[in-house]
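This briefing is meant to be read alongside the sequence and the coordinates.

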Amino acid sequence: MRGFRFVIAILSACLAPWASAWAQVGLQVPPVSRAFDVQLFHPAVGPRGYITLDSADVPGHRQFNVGLLTNYQYGALALDSTMAGVTRKADVVRHQTMAELYGAVGLFNLFEVGLAVPMTLRLSGDDFDDTGATTGGTMTAKGIGDVRVEAKVAPFAFGQDQAFVLGLSVGMTLPTAVDDAFMGHDSVTGRGRVFLEYQPSDRFRTVIMLGGALRKRARLFEAGLGNQILYGAAADVRVLKDMSVLAEVNGRVGSFTYADANPIEADLAMRAYLPAMFSLLMGVGVGMNHGIGAPMVRGFLGVGWAPDFRDQDR
């Protein structure tokens with residue numbers, strides 16, 4: 001059994017956010033905060049990722065990939081305030097344009113380590129006060145977000161032709177965001193995820209993910225933003241020799257009381273495989289509820305490079 005001790009260590013890390021989530025009950029909630037990342041759309045760092053969900057598998061030893069994914073989201077965060085019987089809406093994050101540079105490398109045919117650096121090119125919306133009412137001003141921001149580090153192990157492959165692969169991933173973000181404007185957290189965050197992928201042929205594959213995110217608790221009025229349960233599913237269908245269609249649903253559960261802490265998003269994309277081992281990804285997405293970070297609409301475009309210099313005759 002490959003890397004059994006490493007599997008146990010990573011599985012423990014994956015389960016830690018779940019156990020810690022219950023420890024937050026009863027903690028004093030800090031004042032209204034803008035120190036969290038409203039952008040929930042971050043690319044998978046590995047070469048076989050779907051859209052934002054990773055593959056359960058890992059690349060071969062010393063195989064690597066790099067990529068750049070840009071995206072625009074509209075309506076990721078809005079606040080409603082009622083004063084004197086009149087309800088007013090503040091589109092706090094009306095527009096956000098981002099680019100994220102990422103890359104990963106495989107080690108020993110068992111592990112993958114990756115890094116991602118997000119950059120907000122422009123964020124704008126209505127500024128608001130501590131009551132949630134608009135101030136009449138416009139909030140704008142740009143700059144680097146929280147740098148993300150990922151590690152994954154694929155210890156098990158099973159079933160006919162080893163069509164099923166189990167992957168375990170842990171990651172963290174560093175508080176590198178340059179502005180307190182919904183672009184990043186003010187402390188280190190962590191997450192652990194379990195992936196189960198099924199690939200019966202070269203033309204179809206699908207994955208499901210379950211995990212947890214661990215982060216310092218913040219407050220945005222009634223919604224407490226802290227630890228979250230993560231879940232998602234994706235499918236990749238090769239419709240042509242050099243083209244795939246991908247579909248993905250990704251969500252979080254941060255509260256059993258306030259739906260604002262439970263965003264869900266659905267994305268649809270096309271990936272074209274280009275010469276010289278480049279690929280092009282383009283697609284659209286929509287928020288399936290009004291959770292914080294679930295946009296009204298999203299568009300994204302990215303390019304990746306995953307060279308394979310292994311000797312095919314071996």
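A residue is called buried when its relative accessible area is under 20%, exposed when that area is over 50%, and partly exposed in between. Tryptophan 305, with a relative accessible area of 27%, is therefore partly exposed. The model is a predicted one, and the values below are computed from it.

**Aromatic rings**

- The rings of phenylalanine 278 and tryptophan 305 have centres 5.9 Å apart and planes at 25°, and because planes under 30 degrees apart count as stacked, the pair falls into that class.
- Since phenylalanine 278 belongs to strand E14 and tryptophan 305 to strand E15, this pair ties together parts that are 27 residues apart in sequence.
- Phenylalanine 278 is partly exposed at a relative accessible area of 36%, and ring pairs link Phe64, Phe278 and Trp305 into a cluster.
- The count of aromatic pairs comes to 6, and one of them, formed by phenylalanine 158 and phenylalanine 164, is stacked with 5.3 Å from centre to centre and 10° between the planes.
- Phenylalanine 158 is partly exposed at 40% relative accessibility, and phenylalanine 164 is partly exposed as well, with a relative accessible area of 30%.
- A ring also meets a charge in this model, where the charged end of arginine 205 sits over the ring of tyrosine 50, 4.2 Å from its centre.

**Salt bridges**

- The structure holds 12 salt bridges, among them one between aspartate 54 and arginine 193, whose closest N and O atoms are 2.9 Å apart.
- That pair links distant parts of the chain, 139 residues apart, with aspartate 54 in the loop between helix H1 (4-23) and strand E1 (64-83) and arginine 193 in strand E7; both residues are buried.
- Glutamate 112 and lysine 152 form a salt bridge through their side chains, at 3.7 Å from N to O, and the pair links strand E3 (residues 111-128), which holds glutamate 112, to strand E5 (residues 148-158), which holds lysine 152, across 40 residues.
- Glutamate 112 and lysine 152 are both buried.
- In a further salt bridge the side chains of glutamate 265 and arginine 298 meet at 2.7 Å, N to O, linking strand E13 with strand E15 (residues 297-305) between positions 33 residues apart; both partners are buried.
- Salt bridges that share partners join Asp54, Glu100, Arg148, Glu150, Arg191 and Arg193 into one network.

**Nonpolar surface patch**

- A nonpolar patch on the surface is formed by Tyr198, Phe204, Val237, Val239, Leu240, Val245, Leu268 and Val284, which together have about 620 Å² of accessible area.
- Strand E11 (residues 228-240) contributes the largest share of this patch, with 3 residues.
- Tyrosine 198, a member of the patch, is found in strand E7 (residues 189-201) and is partly exposed, with a relative accessible area of 32%.

**Backbone angles**

- Most residues other than glycine have a negative phi.
- Alanine 276, in contrast, has a positive phi near 65°; this residue is found in the loop between strand E13 (264-273) and strand E14 (278-287) and is exposed, with a relative accessible area of 53%.
- Methionine 277 likewise has a positive phi, of about 65°, although it is not a glycine; methionine 277 lies in the loop between E13 and E14 and counts as partly exposed at 37% relative accessibility.

Note on methods. Residues are numbered from 1 along each chain as its sequence is written. This is a predicted model: local features need pLDDT of at least 70, side-chain atom pairs count only at pLDDT 80 or more; totals for chains, interfaces and linings use all residues. Side-chain values use heavy atoms; hydrogens and water are left out. Patches are made of residues with over 30% relative accessible area and no salt bridge: like charges are joined within 9 Å, nonpolar side chains (Val, Leu, Ile, Met, Phe, Trp, Tyr) within 5 Å. Accessible areas come from the Shrake-Rupley method with a 1.4 Å probe; for residues, only the protein chains shown count as cover. A salt bridge is a side-chain nitrogen of Lys or Arg within 4 Å of a carboxyl oxygen of Asp or Glu. Helices (H or I, at least four residues) and strands (E, at least two) are DSSP runs, numbered from the N terminus. Buried means under 20% relative accessible area, exposed over 50%, partly exposed in between (1.4 Å probe, protein chains only). Rings of Phe, Tyr and Trp (its six-membered ring) pair if their centres lie within 6.5 Å; planes under 30 degrees apart count as stacked, over 60 as edge-to-face and the rest as tilted. A charge sits over a ring if NZ of Lys or CZ of Arg is within 6 Å of the ring centre and within 35 degrees of the ring normal.
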